[in-house]
Amino acid sequence: MNPLEILKKYFGYDLFRAGQREMIDTILEERDALAIMPTGAGKSICYQVPALMLPGITLVISPLISLMQDQVKALNEAGIHAAFINSSLTDVQISKALQYASQGLYKIIYVAPERLESNEFRWFASNTEISMITIDEAHCISQWGQDFRPSYLKIIDFVNFLSYRPIISAFTATATKEVKEDIVCILGLKSPNVLVTGFDRENLYYQVENISRKDNFILNYIKEHSNDSGIIYCATRKNVEKMHELLFKNGVCVTKYHAGLNSEARKDNQDAFIYDRSPIIVATNAFGMGIDKSNVRFVIHYNMPQSMENYYQEAGRAGRDGEDAQCILLFSAQDIMINKFLLDNKELSDIDFEDAELIRQRDVQRLHVMENYCHTTNCLRNFILQYFGEKTNQPCGDCANCKKEFTEIDMTKEAKWIINCVTETKGRYGLNVVVGTLLGARRAKLKEFGTMEYKSYGVLKDSTESMLKLLITQMIQEGYLNQTDDKYSLLKIGNMVARLHDESTKVTVKVHIEEKDTISSNTN
Ligand code: ADP
Ligand code: ZN
């Protein structure tokens, strides 16, 4: 049978989706492969189809027990012999499964990365023909990835332990340059075919609302979209409970999901949502892994997520049926505090100290990116695509920022003063002190730091705090400034700064028309 016949026979689909055939052919040519495809694009087919065509077994390394179980169940139902080996099984069950596997009963075996170190598993592997090792959620190998799993680093030991080299294929939805390089390098992929399929989800409408009265926004929104199914993500369990209660009291048919509920309640609530008995669910980010509900019309974030990776994944649960859907992020200054608190309290105890420090730095960086997304007045879709390494040309014309009317203000003079201030203060301060200094604010803190003595003190007193913050955010994006990754987030001179010496360089900021009125009434 050829790949298309297998697709039809076992999976019931008539056509391959973008990228699937290319990945399958690469693997069948016995070449390593790395596919970076957004969630929902259909990564599994890319390794499951060739697994059925290669001799021997395909090992799929996967980080989540629940995902493995779902996949194996689906394969078995399709008539494909597959099994999983993880800590949900007893030792006896594991031995039995390995025994069946070595008798050739399975074509695909899912394992957790920790298993690769066990002697029993290694003995099995060295007596069995393994044609391919597939690494699912491959970004877990990178410290730059959002969920770094140290045990993923052991995969290569296992590959080296084998007396021959199977084909290695890796899959992820995280496409930043650093993660990509880490996957290729740490997994030791040999001249792999690296395929990146588009990250753009054209049917999703992105919107950021900078508001403090989030409850009202959500109540109104749901009133206006009363027939739609949607997810409301909150940063904490407490917020989930509060929002759930508010909606419930207002007669909304709503359920909830967070890790504080027992597994039975979680299952019930999830089902109620999936089968549209409660079309709206309020949840923490514990909700959603492996959920494939097609008719989600909106995803609202009540709080700012911790990273663009999280945001893209969570917002991406909207509109999987290809119909229009909205992704709205509600943002207030408090969100930054909540997220810093969550990061400071993140459990990193089973990771060694140096790694933990590195992870913390990355987390802070990712938070900065999220903040920038919330502040930008440029195209939101392009912001997301650029973050994931895609080239963009024109603004999309179809996100909330593109839809707003805006005007461009030349702020080159202000930008130069900001650079002067950061230079003068030797990059020792963060956003608030720099802005306060330039505005000539009379804060005790500035007195204490002595920034009142600097030349740049008060030079931009006719500007406004929000305008200067917007400008600085933009200057960071354009490389004129950097922000340090520690908890102080100090402003430093960026490597594009030389461009500002060129008279023809202009730094402009886009402001929405309504906002401009308030800003200019302050500046005059
Ligand atoms: P990912 O792992 O990339 O998030 P999945 O492999 O879970 O995505 O696939 C997402 C959904 O798309 C699944 O319901 C899957 O059955 C479906 N799918 C995958 N390939 C095809 C195809 N060629 N035609 C139709 N549906 C497909
Ligand atoms: Zn846009």
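In this predicted model, Tyr-257 sits in strand S10, which spans residues 254–257. The residue is buried, because 27 other C-beta atoms lie within 10 Å. Setting aside residues up to four places away in sequence, Tyr-257 touches Arg-266, Asn-269, Gln-270, Ile-281, Ala-283, Ala-286 and Phe-287. His-244 stands 13 residues from Tyr-257 in sequence, and the two C-alpha atoms are 9.7 Å apart in space.

With this residue as a starting point, the chain as a whole can be described. It holds 21 helices and 17 strands. Its C-alpha atoms fill a box of roughly 80 × 55 × 40 Å along the principal axes. A compact globule of 524 residues would have a radius of gyration near 24 Å, and the 26 Å of the chain agrees with that. Of the 524 residues, 40% count as buried. Among contacts with a separation of 6 or more, 73% join residues 24 or more positions apart.

The interior comes next. In soluble globular proteins, nonpolar side chains tend to be buried together. The largest nonpolar core here has 58 residues, and the members that touch the most others are Ala-35, Leu-59, Ala-83, Ile-109, Ala-170 and Leu-187. Helix H3 gives the most to this core, with 5 residues. A second, separate core of 52 residues includes Tyr-233, Phe-287, Tyr-302 and Ala-325. Phe-287 is also one of the residues touched by Tyr-257. As for Ala-170, its contacts beyond four places in sequence are Leu-34, Ile-135, Ala-138, Ile-183, Leu-187 and Leu-189.

In helix H2 (residues 20–28), the buried residues are Gln-20, Met-23, Ile-24, Thr-26 and Ile-27. Viewed down the axis of H2, these residues fall within an arc of 160°, so they line one face of the helix. That set of buried residues packs against helix H1 (3–11) and H3, and also against strands S1 (33–36), S5 (130–135), S6 (167–172) and S7 (193–196). After H2 comes Glu-30, with a positive phi near 65°.

Helix H18 (residues 431–439) is largely enclosed by the rest of the structure, because 7 of its 9 residues are buried. These are Val-433, Val-434, Val-435, Gly-436, Thr-437, Leu-438 and Leu-439. Their cover includes helices H17 (412–424), H19 (444–449) and H20 (465–477), together with strand S16. Just after H18, Gly-440 takes a positive phi of about 70°.

Several loop positions also deserve a look. Pro-113 belongs to the loop between strand S4 (108–111) and helix H6 (119–126). It counts as buried because it has 20 C-beta neighbours inside 10 Å, and 20 or more is the cut-off for a buried residue. Beyond four places in sequence, Pro-113 is in contact with Ile-61, Pro-63, Arg-149, Ser-151, Tyr-152, Lys-154 and Ile-155. Ser-62 is 51 residues from Pro-113 in sequence, yet the C-alpha atoms of the two are 6.9 Å apart.

Most residues other than glycine have a negative phi. Glu-137, by contrast, has a positive phi near 50°. Glu-137 lies in the loop between S5 and helix H7 (155–161), and its 22 C-beta neighbours inside 10 Å are why it counts as buried. Ser-489 likewise is not a glycine, and its phi is positive at about 45°. This serine is in the loop between strand S15 (481–483) and strand S16 (491–493). Ser-489 counts as partly exposed because 19 C-beta neighbours lie inside 10 Å.

Technical notes: Residues numbered from 1 in each chain as written. Chains lettered and ligands numbered in written order. Helix = DSSP H or I, 4+ residues; strand = E, 2+ residues; numbered from the N terminus. Rg over C-alpha atoms; globule rule 2.2 N^0.38 Å. Buried ≥ 20, exposed ≤ 12 C-beta atoms within 10 Å, placed from the backbone. Contact = placed C-beta atoms within 7 Å. Arc of directions from axis to C-beta. Core = buried A, V, L, I, M, F, W, Y, C linked by C-beta atoms within 7 Å.
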